[in-house]
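Okay, thanks for making time, everyone. Let me put the thing on the screen and then walk you through it.

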Amino acid sequence: MSFLKILYYPDKRLRLKAKPINKIDTNIKNIAKNMIDTMYRKEGIGLAATQVNIQLQIIVIKKMEEQNNNLILINPVILKKEGQISIEEGCLSIPEYRAIIPRSNYIKVQAINIDGKKIEIEAQSIVSICIQHEIDHLHGKLFIDYLSKFKKDRIQKKFKKIEKQKTFY
């Protein structure tokens, strides 16, 4: 088991755009495995490679009903969105902050699986929300970007204050 270091907001590396993967090799498989280990250790339900400072298009999602069958999506693209759903979202890179974010209830996604095969999956509800959240990370977008300017400014001030306090200790 290897655990990866999670980047925390306002780290500018969270805003980088991930590069597509051309070949699934042992290195990519190890990254995905380490991401899953890290996600479980941090008690998350999803993780994007950009959150662990790996600028590649990989996301891992905890399968709610089957713990051993996690979802690994490489180069994911949303093909179709339907319906609306909003729940209180959180993020491993923005600890202790949650907000209600509007998302699509149903999505159809095209990706490459860990075996290098092109797949299409459909997801609803919490899995759909999680996939959308993690794909946003691959594009340098955070869930707080959906908030009003006032709320974003408050969050930025809070995290800058926390960061300043860390430098004094």
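Quick definition before anything else: when I say contact or touching, I mean heavy atoms within 4.5 Å. With that in mind, among contacts in this protein between residues at least 6 apart in sequence, 64% join residues at least 24 apart.

Now the caveats. This is a predicted model, where local features need pLDDT of at least 70 and side-chain atom pairs count only at pLDDT 80 or more, while totals for chains, interfaces and linings use all residues. Residues are numbered from 1 along each chain as its sequence is written, and side-chain values use heavy atoms, with hydrogens and water left out.

So, the overall picture. We have 3 helices and 7 strands, where helices (H or I, at least four residues) and strands (E, at least two) are DSSP runs numbered from the N terminus. Going along the sequence, the pattern reads α-β-β-β-β-β-β-β-α-α. The radius of gyration is 16 Å, close to the 15 Å from the globule rule for 169 residues, so the protein is as compact as a globular protein of that length. That radius is taken over C-alpha atoms, and the rule is 2.2 Å times the number of residues to the power 0.38. Along the principal axes, the C-alpha atoms fill a box of roughly 50 × 35 × 30 Å.

How much of it is buried? Of the 169 residues, 44% are; buried is under 20% relative accessible area, exposed is over 50%, and partly exposed is in between, with a 1.4 Å probe and protein chains only.

Let me zoom in on Arg103, which sits in strand 5, residues 94–103. Buried or exposed, this arginine? Arg103 is buried, because its relative accessible area is 4%. What does its side chain pair with? There is a polar contact to the side chain of Asp136, at 2.8 Å. By polar contact I mean N or O atoms within 3.5 Å; within protein, one must be able to donate a hydrogen and the other to accept it, and residues adjacent in sequence count only if both atoms are side-chain atoms. Leaving out residues up to four places away in sequence, Arg103 touches several others, among them Gly83, Glu89, His133 and Tyr146.

You'll find Gly83 in the loop between strand 3 (71–82) and strand 4 (85–91), and it counts as partly exposed because its relative accessibility is 47%. Besides Arg103, Gly83 touches Ser104 and Asn105, again not counting residues up to four places away.

Another loop residue is Gln57, between strand 1 (46–48) and strand 2 (58–61). Gln57 is buried, at a relative accessible area of 15%. Its contacts beyond four places in sequence include Pro20, Leu73, Pro76 and Leu138.

Most residues other than glycine have a negative phi, and most peptide bonds are trans. Here, though, a cis peptide bond joins Tyr9 and Pro10, with omega about 15°, and Pro10 is in the segment before helix 1 (26–41). Glu43 isn't a glycine, yet its phi is positive, about 60°. That residue is in the loop between helix 1 and strand 1, and it's exposed at 72% relative accessibility. Ser125 also has a positive phi, about 55°; Ser125 belongs to helix 2, residues 125–138, and is partly exposed at 35%.

That's my tour, thanks.
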